Amino acid sequence: MKRSSRARTAATMSVGALSLALITGCGGDTDAKDTKNTADKPSAPAATAKALGAAELEKLIIGKADLKGYDVKPAGAAQQIVPSKDALTVKDAACEPLAYVLTGFAPGDESAYVNRVATQAAPTSAPSAGSDEDLDAAMDLLGSTITIVSLSSYDGDGAQRTMKAVKDAVTTSCASGFTLAAKGQETQRFTKVTAGKSTGSGDESIAYTVNGKTDEGETQVNAEVVRHGSTVATYYSLNLAALSGKKADISIPAEIVTAQEAKLK
């Protein structure tokens with residue numbers, strides 16, 4: 001069957017598109033959750049908390065062996081498009097933590113930071129290059145959920161202050177939305193932020209849904225932030241099938257959160 005050039009272009013997109021997925025209007029519809037779930041549990045005194053280094057975080061972040069049915073890789077390709085937080089401009093400073101999570105960065109002023117991109121694994125069969133079966137496999141992958149996971153660590157009460165900033169942004173400061181732009185990209189206006197039901201536990205957690213406008217209409221994406229002592233885990237999921245205007249489930253896969261939390265206990 002003959003395929004359109006648009007389909008073939010979409011099928012060859014790299015993970016480098018992830019960091020700008022929201023900015024360029026790549027997102028899918030999902031059911032918004034209207035209840036907040038934050039858990040506050042006793043933890044080590046903030047004054048004595050020591051940040052983990054990047055090497056330690058590398059040992060703690062999920063890998064391919066931790067997630068059956070997923071490909072897990074560093075988000076380096078995505079960071080080439082948005083290389084640092086300095087490349088982002090958020091009109092309201094109070095909303096910066098939310099914008100950072102949605103672009104694969106740590107939500108606070110971290111001491112160390114690592115991230116991964118977890119994608120539902122492609123079919124194991126290997127059709128001949130250029131065949132319809134090969135293209136179908138690529139399009140199936142585009143229709144799967146892609147999740148950016150990050151771990152960041154903080155000295156003293158930095159992790160607690162980061163969580164407070166995220167919670168305040170979700171529940172108060174940024175409820176009516178915010179504006180985000182990256183160098184060389186069009187400004188994107190998000191119209192609403194609402195608290196959601198967290199799938200994580202940790203010492204405290206919060207999930208949120210962001211609404212925005214695209215050429216295809218209104219879109220929603222989900223993110224989640226969970227604190228484990230002096231370390232903060234973030235999760236953000238999207239589905240590239242929405243590039244073609246299709247409705248896609250971009251809820252954060254619970255198995256990814258479960259696998260990451262198991263490594264942080």
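Biologist: Which residues have the most contacts inside the largest nonpolar core?

Modeller: This is a predicted model. Its largest nonpolar core has 37 residues, and those with the most contacts inside it are Leu 98, Val 170, Phe 178, Val 193, Tyr 208 and Val 225. A second, separate core has 19 residues, including Ala 112, Ala 118, Tyr 235 and Ile 256.

Biologist: Which residues does Val 225 touch, leaving aside those up to four places away in sequence?

Modeller: With such residues left out, Val 225 touches Val 101, Met 163, Val 166, Glu 204, Ser 205, Ile 206, Tyr 208, Val 232, Ala 233 and Thr 234.

Biologist: How far apart are the end C-alpha atoms of helix α6?

Modeller: Helix α6 covers residues 158–173, and its end C-alpha atoms are only 20 Å apart. A straight helix of 16 residues would reach 22 Å at 1.5 Å a residue, so α6 falls short of that span.

Biologist: Why does Thr 234 count as buried?

Modeller: Buried means under 20% relative accessible area. Thr 234 counts as buried because its relative accessibility is 2%. The residue is found in strand β9, residues 231–239.

Biologist: Which side chain is joined to that of Thr 234 by a polar contact?

Modeller: The partner is Ser 150, and the polar contact between the two side chains is 2.5 Å. Ser 150 is also one of the residues that Thr 234 touches beyond four places in sequence, among them Val 101, Phe 105, Pro 107 and Ile 148.

Biologist: Which cysteines form a disulfide?

Modeller: A disulfide is a covalent bond between the sulfur atoms of two cysteines. Here the count comes to one disulfide. Cys 95 and Cys 174 form it, with their sulfur atoms 1.9 Å apart. The pair links distant parts of the chain, 79 residues apart: Cys 95 lies in the loop between β2 and α4, and Cys 174 in the loop between α6 and β5. The link is left-handed, with -115 degrees about the S-S bond. Both cysteines are buried.

Biologist: What is the mean pLDDT of the chain?

Modeller: The mean pLDDT is 75, and 65% of the residues reach 70 or more. Over residues 124–128 the pLDDT is below 50, and this stretch has three contacts beyond near neighbours in sequence. Residues 134–139 also stay under 50, with 11 contacts beyond four places in sequence.

Key:
Residues are numbered from 1 along each chain as its sequence is written. This is a predicted model: local features need pLDDT of at least 70, side-chain atom pairs count only at pLDDT 80 or more; totals for chains, interfaces and linings use all residues. Side-chain values use heavy atoms; hydrogens and water are left out. A nonpolar core is a set of buried Ala, Val, Leu, Ile, Met, Phe, Trp, Tyr and Cys residues joined through side-chain atoms within 4.5 Å. Buried means under 20% relative accessible area, exposed over 50%, partly exposed in between (1.4 Å probe, protein chains only). Contact means heavy atoms within 4.5 Å. Helices (H or I, at least four residues) and strands (E, at least two) are DSSP runs, numbered from the N terminus. A polar contact is a pair of N or O atoms within 3.5 Å; within protein, one must be able to donate a hydrogen and the other to accept it, and residues adjacent in sequence count only if both atoms are side-chain atoms. A disulfide is a pair of cysteine sulfur atoms within 2.5 Å. pLDDT is the predictor's confidence in each residue, from 0 to 100.
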